[in-house]
Number of protein chains: 2
Amino acid sequence: MEITFFGTGAALPTKERNTQAIALNLDPYSNSIWLFDAGEGTQHQILHHSIKLGKINHIFITHMHGDHIYGLPGLLTSRSFQGGENKPLTIVGPRGIKNYVETTLQASLSRLNYPVTFIEIDDQLHYHHEGFTVSAYNLNHGVPSFGYRIEAPTTSGKIDVASLREIGMEPGPKYQEVKNSDSFIFNDKVYQSSDFKGEEKVGPKIAIFGDTMPCENELKLADNADLLVHEATYIDGDRSLADSHHHSHINDVLHLLEATNSKQALLNHISNRYNLSDIDVIYAELQNQYPNLKFKFVRDFDTFEI
Amino acid sequence: MEITFFGTGAALPTKERNTQAIALNLDPYSNSIWLFDAGEGTQHQILHHSIKLGKINHIFITHMHGDHIYGLPGLLTSRSFQGGENKPLTIVGPRGIKNYVETTLQASLSRLNYPVTFIEIDDQLHYHHEGFTVSAYNLNHGVPSFGYRIEAPTTSGKIDVASLREIGMEPGPKYQEVKNSDSFIFNDKVYQSSDFKGEEKVGPKIAIFGDTMPCENELKLADNADLLVHEATYIDGDRSLADSHHHSHINDVLHLLEATNSKQALLNHISNRYNLSDIDVIYAELQNQYPNLKFKFVRDFDTFEI
């Protein structure tokens with residue numbers, strides 16, 4: 001899978017960073033893209049990437065602040081003209097996201113040429129799609145703000161053609177049964193599928209957080225995750241500013257990474273108080289402070305394999 | 001005065017053009033900026049210009065299509081942080097603009113730190129501010145779409161200090177009276193102010209059009225204008241496409257320029273069917289076809305003195 005950051009700034013766009021948008025490419029599990037948040041100018045950023053709007057079939061909104069949603073109307077209307085026609089789209093987000101989209105489309109006299117399904121979360125969500133499981137829990141940001149835990153499907157191991165040939169089974173449709181079941185019958189004999197394929201591969205677990213102060217639900221979302229994507233709005237000085245604005249301090253985020261045994265953190269939603277070179281300096285200091293943790297501040301258009 | 005184009009594309013943003021936004025700098029008449037339309041990404045474009053959002057004190061919306069308004073919420077919320085605090089803003093536009101702004105700010109849990117006055121137009125508008133007169137008339141775009149005629153104030157001629165000295169009046173507050181009145185009394189004698197200052201200077205007249213097919217009200221808006229800013233969505237081939245989409249064909253626009261004795265036209269709202277080099281080719285052909293007319297296709301960030 002691949003994650004691409006289209007907007008890594010907090011609150012206001014700057015010359016260096018657009019406001020929040022993250023694209024998760026589900027390949028090889030599925031030929032689709034999931035978008036997390038859509039700050040203003042997200043469709044403009046996507047113009048400079050190979051992703052086509054028509055391939056986005058889910059949009060998850062963490063919370064309703066403008067820097068996370070003001071790009072949604074434009075992206076939805078442009079999707080009608082960029083490969084989205086008749087391609088269903090699901091929009092998941094806090095209660096209010098449906099009304100926001102519908103009133104904006106109505107105000108702008110716009111109609112979409114594809115069906116949209118809204119899933120509005122009040123407290124938590126457990127959603128399944130194409131083998132993926134998405135859980136969402138409310139965080140602590142003063143307004144409903146959700147974190148999403150995306151678990152990719154577990155895939156069966158690679159078929160061992162040689163060993164199947166030894167029992168007389170040539171490549172063909174029967175291989176699909178071996179791949180997808182625990183046992184199979186061949187020439188009136190029952191076999192254990194696991195004897196004819198590699199280890200099952202557990203899909204990656206990714207936790208993408210909306211803005212938040214430290215809270216209990218973060219632990220559930222981040223538990224043993226392969227990747228955390230977390231806001232890093234306050235990354236130096238004392239934590240009072242973070243607390244007063246319902247955000248996390250960087251130490252909270254790195255503590256979460258450690259406490260949940262997660263593999264790495266990509267730090268996002270960076271305040272325009274810091275320019276790119278400020279971040280490099282602070283990053284070096286933090287790496288000294290936390291030598292055993294794997295984390296990185298992201299920039300617009302950064303892409304990572306998961 | 002100066003006009004700057006922040007978005008010159010129609011409907012969707014492209015790599016070459018953002019969607020609609022025009023800034024009118026009222027200097028020397030007033031130390032403020034008026035914005036006409038605010039497509040998505042307008043605040044991003046302004047980041048790359050010297051204009052500060054706090055100096056924008058009027059926003060005129062031609063019509064409610066997304067490519068003209070989706071950048072408004074982000075611009076308004078960012079204005080709170082970019083010099084707009086406590087600085088009043090007037091938003092003028094079709095009925096529905098107030099509801100759109102208010103529902104979007106409410107949905108995004110955002111509050112502005114400055115007062116906003118809304119003026120919603122049903123049919124036409126006659127508005128006066130700091131010596132400027134703004135008239136708006138409904139056009140023909142299938143939805144309420146307005147054109148704005150902006151008339152800058154007439155300014156009195158330059159004071160002739162030498163001639164005033166000849167009658168014994170030294171530079172001082174009295175000069176202001178000479179400047180602003182038709183006559184004045186000095187040493188018990190009545191004088192005609194015009195004898196002591198240059199010719200009055202009539203302020204420029206600018207007509208900025210929303211999307212439209214040709215219609216009667218265009219003539220009122222464009223009459224003897226110093227500058228027309230008009231959509232040029234359909235600039236080649238026959239006019240059936242333009243008609244069916246309630247737009248003008250380029251021949252209509254150039255005919256309007258000629259028929260109203262306007263000085264020049266800046267052609268805007270260009271379809272993404274044409275890239276920049278297509279436009280250069282078509283422009284050359286049109287110049288041959290209309291050798292006596294002064295017109296130009298604009299690009300993002302083009303700025304013109306008026």
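This is a predicted model: local features need pLDDT of at least 70, side-chain atom pairs count only at pLDDT 80 or more; totals for chains, interfaces and linings use all residues.
View 1. Just after H9(B), Asn261(B) adopts a positive phi of about 60°.

**View 2. The open sheet of chain B.** Seven strands of chain B form an open sheet with mixed pairing, in the order S7-S8-S9-S12-S13-S14-S15. Strand S7 (124-129) and S15 of chain B stand at the edges and have a single partner strand each, so one side of each is left without a neighbour in the sheet. From one strand to the next, the twist averages 15°. S13(B) and S14(B) run parallel and are joined by four bridges; Glu231(B) has Asn268(B) as its bridge partner in S14(B). H9(B) packs on the sheet, where it touches S12, S13, S14 and S15 of chain B, and its direction makes about 165° with that of S13(B).

**View 3. The packing of helices H3 and H4 of chain B.** Helix H3 (residues 72-79) and helix H4 (residues 97-107) of chain B pack at an angle of about 65°, their axes lying 10 Å apart, and the crossing is right-handed. H3(B) contributes Leu72(B), Pro73(B), Leu76(B) and Thr77(B) to the contact, while H4(B) contributes Ile97(B), Tyr100(B), Val101(B), Thr104(B) and Leu105(B). Of these residues, seven are nonpolar, two are polar and none is charged.

Technical notes. Residues are numbered from 1 along each chain as its sequence is written. Chains are lettered from A and ligands numbered from 1 in the order in which they are written. Side-chain values use heavy atoms; hydrogens and water are left out. Helices (H or I, at least four residues) and strands (E, at least two) are DSSP runs, numbered from the N terminus. Axes are lines fitted to C-alpha atoms, for helices over the stretch in contact, and angles run from 0 to 180 degrees between N-to-C directions. A crossing is left-handed if the near helix is turned anticlockwise from the far one by less than a right angle, and right-handed if clockwise. Contact means heavy atoms within 4.5 Å. Ala, Val, Leu, Ile, Met, Phe, Trp, Tyr, Cys and Pro count as nonpolar, Asp, Glu, Lys and Arg as charged, and the others, Gly among them, as polar. Two strands pair if DSSP finds at least two bridges between them.
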